[in-house]
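Good morning, and thank you for joining this meeting.

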Amino acid sequence: MTKIYIDDSVHKRGKFVISGIIVTNENIENKISESLKSNGFDPENSEFKSGLSYRKYPKMLDVRNDLKNIISSVCKIGLVVLPIAERPNIGIETFKGLKQIIESNEFGKDIEIYVDQNYFRNVDTGIEYAKEIGLEIYELNLELDSKKFKGIQLADLVAHSCSTMLLEQLKIIDKKVKAGDNSGYEPDLEIELGFELWAGIRYNLLGEIDMERFETGDGFPMKMTEPYGLYISEFCDNELKKNAKERFGEIYMGCIH
């Protein structure tokens, strides 16, 4: 059984929206509940949200680290990028991308899809569009509460992290963080936030190694994410398309230390 969880991150400064897509065959719901509980939160009434104030809820930093570990160990990642002007149609654009990603990978036919709130005006609208593009053959669960369907919290983290990377690519933000322990670098070395985030998810983005380039070209192991794990909406302008492709289109898989 393949489970897919979807949530979005909206960024007015960059004029884009990213839908994060989590793909897993594991029971991640229990893992997320265990992390919340072990850090002092009630899993029934609390959830991880990327927009939370860590000053107010410092233990959510530990939850975030747990969620990052869950993603790196048992999940794959897909992304849908669309312009903020298409936010009213986020459900349609995300389902277009989801269809491409499913058809480009070997997930099998037994797929459950869990989508956060506000992707469609209502469940019936989402089901109707799913039928139009052939997604109705899968189990669709729409307009969900992410407190109850906790895998959506992973999709929230991915969408937010990748949005930060794209904001940096667009030169809208420029933030440095310390490399930290177990990074392969000196702990106090300052590195770009986008690089730190990219290093943490690069192995999990859905894609295929370009073997021709690796074997007969420059010898770099590059994972190509389109069409396997990246969908860029046709409504994106040329600048957003270009920067999304440069940031997410190919991923270097060799040693970075």
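The chain contains eight helices and 11 strands, where helices (H or I, at least four residues) and strands (E, at least two) are DSSP runs, numbered from the N terminus. Please note that this is a predicted model, in which local features need pLDDT of at least 70, side-chain atom pairs count only at pLDDT 80 or more, and totals for chains, interfaces and linings use all residues. Residues are numbered from 1 along each chain as its sequence is written, and side-chain values use heavy atoms, with hydrogens and water left out.

Of the chain's 257 residues, 49% count as buried; buried means under 20% relative accessible area, exposed over 50%, and partly exposed in between, with a 1.4 Å probe and protein chains only. Contact means heavy atoms within 4.5 Å. Among contacts between residues at least 6 apart in sequence, 70% join residues at least 24 apart.

Let me turn to the nonpolar cores. In soluble globular proteins, nonpolar side chains tend to be buried together. A nonpolar core here is a set of buried Ala, Val, Leu, Ile, Met, Phe, Trp, Tyr and Cys residues joined through side-chain atoms within 4.5 Å. The largest has 43 residues, and Ile22, Leu79 and Leu154 touch the most other members. Elements giving two or more residues to this core include β2 (16-24), β3 (75-83) and α5 (151-169). Helix α5 provides the largest share, nine residues. Apart from this core lies another, of 27 residues, with Ile4, Leu98, Leu135 and Leu206 among them.

What does Ile22 touch, not counting residues up to four places away in sequence? Its partners include Ile4, Ile71, Cys75, Leu154 and Val158.

As for cysteines, Cys75 is buried, at 3% relative accessible area, and Cys162 is buried at 0%. The count of disulfides (a pair of cysteine sulfur atoms within 2.5 Å) comes to zero.

Finally, consider Lys223, in strand β9 (residues 222-224).
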